[in-house]
Amino acid sequence: MRGLQRTVHIAAILTAMALAMPQSEARAAEPRRSQDQGGSPVAIAQATTTSTPEGQGSAPARELPPGGTSIEDLLLQKGTISMDEWIQIRAEQEYKVADQSRRIDSLEEWKGKTELLPLLRDKVNFGLNALQFLYGHVNARVPEGRNQDSLSIRRSELLFWGKISDTIPRWHALMEFQSINLTSNTPTSGASTPTSATFFRETYIDVRPVQAWAPNLNMIRLGIFRMPFGIFTETSGGLRDVISSPYLTSIGGGGGPGQNKNGTGGAIEFIQERDYFADVRGKIANRLEYVVGVMNNNNYQANSLVSTTSGLGGGNQPKAFYSRVRLFGNDVSFVSFTTIQGHSNNAGTLINGRGKGSFDRYGIDARYTSKLLPGFMVQGEYWQGHDGANATTVGTAANGDCASGCGGSGAPGMTRRTWYVLAKYLITSGPLENFEPTFMYEQFDPNTSMGNDMYTRSIVGLTYYFENFPPKIQSKLQFNYEFRHHSGLGTGPNTPAFDSKADPFAQNAFFVQFQVRFM
């Protein structure tokens, strides 16, 4: 009885469809109906299970939609589901496919817009290199009137760049609005007189003299920019994986007065982040990248006042030669070798320990980015270098103070050593998607021939990326906890007393930083 009702329903539907069909379509359907007059109007599910007389033939099979036979088609043929249910299932599937296609199209459109951002496409472009809001807490004891907690804008950097022509493929200027204090002209003796305000961190011009030589001799770069060697010194502060700068760029502070006499306290700038440079860059066989050049070797003083008598700016030093070769295993993994050779002047505590005399640095760095485990990366650097004098000023004995006019250059010098290793893993799926745990361990030995002066630090971090299309767009929230340790100020008869509770490099610290970056 139920089968008869289903047959009646289907016949009614077919009759309604025939009445609604245009006249031309109805005529086209007449031959087919005349051929099918011998068959009884039964449902497909019944036709597959009901035998008919040989002379009359079997009921026609329903034409399946493009794409082959699906589960719902088989269920319909067997009579398990009705035509209405089949239509509903098909409609839901088509809606899901359309929604997925819409999402993919939206993602492709967004990626296309991101890739078309004006990086080196126009003569003048601008971007936000890094805008960082920082909260910090350091456990070290602070003077009365100060606090262990701090809030600050760590970086506020606007970047301007452009392409003039194929001969000048890039000009570049980085404005830092957090560095507007007057800076010293680094005299060799006497009081430092502030002479300039630093509003920019970087400014350089790339020149490609002969187009046919590229990329073997890709360009000549002139100006102030980040050190073209190492990993951390070459990486913009907006792209670093931990909040604090590594010890290889600067270390020291706290421990009481007089600590600079043996170089184990105070500020030691092992490798400055930026300087005046002129270098040549290129790439051979798409595997070996090289940089060769000369540097000022005394950090940089933006807009430094030039003497009308000597013609020399306050920040100038004997120049140093540097070179780096970087061998790529693939497009993201590499190993590099760097050297810096030259001389330095004893020109103040900003370059504490450089002293007067020979100066060198040797470094090796490596990065491995896994393709077997996407999101995992590990990198490390090892640096060693010699400074000319024992962190004293010219005219001061190596073992401490002396009367005026004692003469001398300080001491034969010292060798410093530092290294770190950093690992991180970006989670790309699941409930922790866009979270990135990070771990870093580092050491800095101010004087390899002296004990009781080692700096060590372990950083445990967690980063959450709101947007992550480096290097163009990056918005992230970082949490870092630092386990810090400083052994002391060294050994010797004139070593000052060490108060570890007042030394920020001997006490743990916690930082939270939010960053916006758009290029």
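Residues are numbered from 1 along each chain as its sequence is written, and side-chain values use heavy atoms, with hydrogens and water left out. Because the model is predicted, local features need pLDDT of at least 70 and side-chain atom pairs count only at pLDDT 80 or more, while totals for chains, interfaces and linings use all residues.

Strands are DSSP runs (E, at least two residues) numbered from the N terminus, and two strands pair if DSSP finds at least two bridges between them. Strand S14 (residues 414–425) pairs with S15 in the antiparallel sense over 8 bridges. Tryptophan 419 stands opposite glutamine 443 in S15. S15 and S16 also run antiparallel, joined by 10 bridges. Here threonine 438 has glycine 461 in S16 as its bridge partner.

The structure holds 20 salt bridges, each defined as a side-chain nitrogen of Lys or Arg within 4 Å of a carboxyl oxygen of Asp or Glu. Aspartate 387 takes part in a salt bridge with arginine 361 (3.0 Å, N to O). Aspartate 387 lies in strand S13 (residues 376–387) and arginine 361 in strand S12 (residues 357–369), so this pair ties together parts that are 26 residues apart in sequence. Aspartate 387 also forms a salt bridge with arginine 416, with the closest N and O atoms 2.7 Å apart. Arginine 416 is in strand S14, 29 residues from aspartate 387. Burial is assigned by relative accessible area (buried under 20%, exposed over 50%, partly exposed in between; 1.4 Å probe, protein chains only). Aspartate 387 is buried at 1%, arginine 361 at 0% and arginine 416 at 0%.

A further salt bridge joins the side chains of glutamate 482 and arginine 457 (3.2 Å, N to O). Glutamate 482 belongs to strand S17 and arginine 457 to strand S16, so parts 25 residues apart in sequence are tied together. Both glutamate 482 and arginine 457 are buried.

Lysine 424, located in strand S14, is buried with a relative accessible area of 16%. Its side chain makes a polar contact with the side chain of aspartate 241 (2.9 Å); a polar contact is a pair of N or O atoms within 3.5 Å, where within protein one must be able to donate a hydrogen and the other to accept it, and residues adjacent in sequence count only if both atoms are side-chain atoms.

Most residues other than glycine have a negative phi, and most peptide bonds are trans. Alanine 285 has a positive phi of about 55 degrees and is found in the loop between strands S8 (274–284) and S9 (288–295). Alanine 285 is exposed at 64% relative accessibility. Asparagine 452, in the loop between S15 (435–445) and S16 (455–469), has a positive phi of about 60 degrees. The peptide bond from alanine 214 to proline 215 is cis, with omega near 5 degrees.

Strands S1 (125–138), S2 (149–162) and S18 (509–518) each supply at least two residues of the patch. Phenylalanine 514, found in S18, is partly exposed at 35%.

Notes
Helices (H or I, at least four residues) and strands (E, at least two) are DSSP runs, numbered from the N terminus.
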